[in-house]
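Please walk through the aromatic pairs and the helix packing of the structure below.

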Amino acid sequence: MTTIPGLLAPDALSLVEGTVTTPAGLRVIGLDLSITSTGIALPDGTTYRIKTRAKDGDRRLLHVRDDLADDLAACRPHLAVIEDLPTKMHATALKIIGKLHGVVVGALLDADVPYAYIPPATLKQFAADKGNATKRQMADAAYLAASAEFPGDLNAKGEGGDMCDAWWLRAAGHDWLGLPLFAMPQAQRDVLSKGDWPDAFAQRYVMGAAA
């Protein structure tokens with residue numbers, strides 16, 4: 001049986017009993033940004049990827065921005081949770097992903113959606129209790145937590161995982177607001193304090209802004 005540190009086995013009753021589908025109507029969107037394949041987790045829990053073509057150059061930024069803007073208009077999320085940039089990145093890659101983050105934040109500001117950033121290692125620790133968890137371990141953790149699967153998300157080498165990461169980002173947003181989607185060890189929840197969260201959002205939500 002597959003196990004992940006800190007998570008229960010698939011047949012553990014306490015996990016199933018602790019699962020919540022859409023607590024209190026909260027709508028959180030998870031965004032794993034990539035210029036080639038951005039992972040999106042919509043507020044209802046469905047996931048997909050925004051794929052782009054290298055030959056389109058910087059126009060790929062408009063593709064991602066416009067698709068995301070459509071999602072924001074349709075779903076009207078109360079919070080977006082974005083995976084932050086890695087601490088170490090080649091200058092060329094950093095330039096490209098920096099542009100993408102800029103247009104995405106612009107779309108969120110236009111839609112008046114507060115956003116949070118979670119470092120990659122923090123997301124892995126939250127999901128799999130391991131700051132250097134592999135993409136496969138992240139996918140296994142999602143299955144153990146909520147029987148979530150992401151067909152086609154990983155290639156034969158275990159690379160990819162855009163939809164899975166976005167799914168965990170959405171789950172982290174729910175957890176941070178005290179409305180978790182499923183049971184998690186408290187120690188894993190505690191690592192979310194390392195994220196960059198919008199300070200005023202929790203109070204706005206509690207007072208009914210997300211109603």
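W167 and W168 are both buried, where buried stands for a relative accessible area under 20%, exposed for over 50% and partly exposed for the range in between, with a 1.4 Å probe and protein chains only. The model is predicted, so local features need pLDDT of at least 70 and side-chain atom pairs count only at pLDDT 80 or more, while totals for chains, interfaces and linings use all residues. Residues are numbered from 1 along each chain as its sequence is written, and side-chain values use heavy atoms, with hydrogens and water left out.

A pair of aromatic rings is described by the distance of the centres and the angle of the planes. Rings of Phe, Tyr and Trp (its six-membered ring) pair if their centres lie within 6.5 Å; planes under 30 degrees apart are stacked, over 60 edge-to-face, and the rest tilted. Seven aromatic pairs are counted by this rule. Among them, Y115 and Y117 are edge-to-face, with centres 6.2 Å apart and 90° between the planes. W167 and W168 also form an edge-to-face pair, at 5.0 Å centre to centre and 85° between the planes. One aromatic cluster takes in F126, F150, W167, W168 and F182.

Next come the helices, which are DSSP runs (H or I, at least four residues) numbered from the N terminus. Axes are lines fitted to C-alpha atoms, for helices over the stretch in contact, and angles run from 0 to 180 degrees between N-to-C directions. Helix α2 (residues 59-75) packs against helix α3 (residues 91-110) at an angle of about 25°, with the axes 9 Å apart. α2 and α3 are therefore roughly parallel, since that class covers angles under 35 degrees; over 145 is roughly antiparallel, 65 to 115 roughly perpendicular, and the rest oblique. Their crossing is right-handed, that is, the near helix is turned clockwise from the far one by less than a right angle, anticlockwise being left-handed. L61, V64, R65, L68 and L72 of α2 meet K99, L100, V103, V104, A107 and L108 of α3, contact being heavy atoms within 4.5 Å. By class, this contact has nine nonpolar, no polar and two charged residues; Ala, Val, Leu, Ile, Met, Phe, Trp, Tyr, Cys and Pro count as nonpolar, Asp, Glu, Lys and Arg as charged, and the others, Gly among them, as polar.

Helix α4 (residues 120-128) and helix α5 (residues 135-146) pack at about 40°, with axes 9 Å apart, which means that α4 is oblique to α5. The crossing of α4 and α5 is left-handed.

Note on methods. Helices (H or I, at least four residues) and strands (E, at least two) are DSSP runs, numbered from the N terminus.
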